[in-house]
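Welcome! Please take a moment with the sequence and the structure shown here, and then let us walk through a few parts together.

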Amino acid sequence: MAEISLDKKAAWLRRVIFEMLSKAEQGHPGSVLSLVEIMVTLFYGGIFRYKAGNPEDPGRDRVIISKGHAAMILYPIFADIGFLDKDELGLFGTPEGILRIFSNTSIPGIDATSGSLGHGLGIGAGYAMAAKYDGQPSRVFVVLSEGEMYEGSTWESALFASHRELDNLVVILDRNRNIILGDTEESLRLEPIEEKWQSFGFDVVSVDGHSFSELEEAFENIDNLNGGPVAIVANTVKGKGIALMEDDASWHYWQGMDTATREMIQSQLQAVEEAIQ
Amino acid sequence: MNKESFQRDIFIEEIFQAARIDRNIFFISADFGAPALDDFRAQLPEQFVHSGISEQHMIDMAAGLTLSGKKVYVYAMAPFITLRCLEQTKTSLALMDLPVTILAVGVGLGYADAGPTHYNTEDIACMRSIVGLEVWSPCDEASTRMMAKKTILEPALRVIRMERHALPAVYRSEEDMGQGGYTKIQNGSGICVLSCGHMLHRALEAADRCTDVNPSVVDVFRIKPLKQELVDELSTYQGVVTVEEQCLSGGFGSAILEGMADVGLQRPVRRLGLPERYFFENGGRDYLLDNFGLAVSDIAEAISDLAINAAK
């Protein structure tokens with residue numbers, strides 16, 4: 001039953017994300033859509049600990065979208081769990097609204113301003129260390145793009161998190177293989193990725209980032225590993241769920257589309273959602 | 001004063017005493033030490049963090065700690081905690097308006113003869129360009145102690161530009177400094193000499209030599225935000241001399257000029273600073289300053305010249 005409900009949530013999230021992007025005609029669909037199953041599992045699979053309607057709770061878990069261009073993935077979820085006013089979703093990217101392509105801490109529930117790559121893991125380490133010091137149960141989930149493995153500061157923070165045994169810190173690495181100019185392995189090789197994180201002292205789990213069962217298993221085990229920080233390498237497809245955008249680096253940013261295409265995608269996403277009981 | 005009273009020890013001692021009472025105070029070092037820090041590390045090990053020689057990580061981590069309610073001090077050699085992690089200071093501290101204190105030790109040519117990798121001759125321009133970041137420069141023991149207490153009582157995003165070596169006393173006590181962001185050390189007329197930190201001492205010495213001019217000398221210990229009253233006061237002078245151990249682009253003198261321009265105050269201004277170049281020469285800090293335009297005689301000459309020209 002849980003799997004069905006997550007499916008439904010994922011379909012809902014994709015539809016709402018597409019509506020927001022296409023209405024605002026700005027944003028990063030490829031990078032947002034690759035995260036859908038990951039974030040649905042985190043928030044609706046009973047992993048992320050929070051009190052509905054209370055983003056200020058100091059004991060809640062933290063989530064940092066370090067790949068800040070995908071931060072909007074949180075907005076529909078935050079509206080759904082009562083962190084945000086639902087009306088804000090319709091104002092995404094407008095002067096009247098508070099929701100932006102890149103998020104910042106003035107938005108309720110957002111734990112770190114992001115947009116510039118390579119900062120999230122360090123900020124997350126600070127959160128994780130403070131939580132331990134204060135005896136708070138908070139875990140800190142940091143969503144990194146594989147592109148952030150090119151930033152040296154990421155490795156500075158990885159070294160630190162491991163030395164400090166920040167077992168309440170979880171990296172989710174969105175491995176969709178695409179950076180703006182193409183495949184990472186052709187542009188500048190990142191593999192072997194798992195071994196790199198392991199060598200920095202992380203417990204590494206590699207999963208299909210669109211499989212609820214694999215994601216659930218990985219998340220459920222984060223508290224039972226070897227006492228250090230965790231890295232979940234989520235193998236994903238950029239633009240997942242919208243055929244036009246899948247695995248196409250050009251849809252890193254919104255490309256624009258004619259009304260007919262937009263309506264067709266909209267109705268397809270709606271049909272997928274309605275077909276799930 | 002005790003010649004061994006280094007600014008870093010004075011500052012850390014104040015923070016240490018505060019941290020003994022307030023367990024939310026955290027002190028992070030990027031592998032940079034001080035005798036006073038040894039006491040802090042030994043007695044408050046949970047509140048001391050060694051970030052590794054990782055200034056970028058140090059600033060990002062400071063953001064996470066501050067977002068969790070901690071009062072954070074980050075500490076390293078000046079060139080590395082200012083320019084090397086400028087992006088982190090902007091993105092992780094300034095963008096989130098986080099009240100972190102950045103302790104930068106060894107400003108200007110303080111690390112002579114280490115060379116330009118270890119000199120901080122562009123930091124005022126860079127740091128004051130960060131939105132909302134305050135820039136402070138102590139010139140002696142009392143001013144250092146005042147600034148340490150300020151950071152404890154009124155946390156804000158600040159850089160404290162500390163000297164590597166101990167400096168002679170300018171102030172008898174913290175109370176002598178007032179709360180205005182600047183202090184008139186020598187009360188004269190006609191020409192006003194503005195400086196801070198190490199160069200304030202040279203400016204004072206130069207002013208002493210200009211007995212015929214009798215200039216005022218002002219310690220602008222808070223470079224940003226510049227106190228409006230200071231700019232207003234400059235209108236009572238015929239000319240202004242600024243003295244800094246920085247390359248001139250966007251530095252201390254530029255800040256003064258901007259303050260004047262913003263209120264339409266027009267006076268002849270002479271900006272004294274380092275030439276636009278890097279310094280690989282040996283010889284020590286005094287040798288470099290004496291040979292690159294910041295000798296006491298250079299400053300005195302500028303004051304006298306300006307006094308003559310301004311009077312024309």
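## A sheet in chain A

Keep in mind as you look that this is a predicted model. In chain A, five strands come together in an open sheet, and their order across the sheet is E1-E2-E3-E7-E6. The pairing in this sheet is parallel.

Who stands at the edges? In chain A, these places belong to strand E1 (62-65) and strand E6 (203-208). Each has a single partner strand, so one side of each is left without a neighbour in the sheet. Going from one strand to the next, the twist averages 20°.

## Strand E1 and its partner

Let us zoom in on one pairing. E1(A) pairs with strand E2 (residues 140-145) of chain A in the parallel sense, and four bridges link the two.

## Chain B as a whole

Now turn to chain B, which has twelve helices and twelve strands. Along the principal axes, the C-alpha atoms of chain B fill a box of roughly 65 × 40 × 35 Å.

How does the radius of gyration of chain B fit with a compact globule? For 312 residues, such a globule would have a value near 20 Å, and chain B has 19 Å, which agrees.

## Inside chain B

Of the 312 residues in chain B, 55% are buried. Contacts tell another part of the story. Among the contacts in chain B with a separation of 6 or more, 78% are between residues 24 or more positions apart.

Technical notes. Residues numbered from 1 in each chain as written. Chains lettered and ligands numbered in written order. Predicted model: local features only at pLDDT ≥ 70, side-chain atom pairs only at ≥ 80, totals over all residues. Rg over C-alpha atoms; globule rule 2.2 N^0.38 Å. Buried ≥ 20, exposed ≤ 12 C-beta atoms within 10 Å, placed from the backbone. Contact = placed C-beta atoms within 7 Å. Pairing = 2+ DSSP bridges. Axes fitted to C-alpha atoms, helices over the stretch in contact; angles between N-to-C directions.
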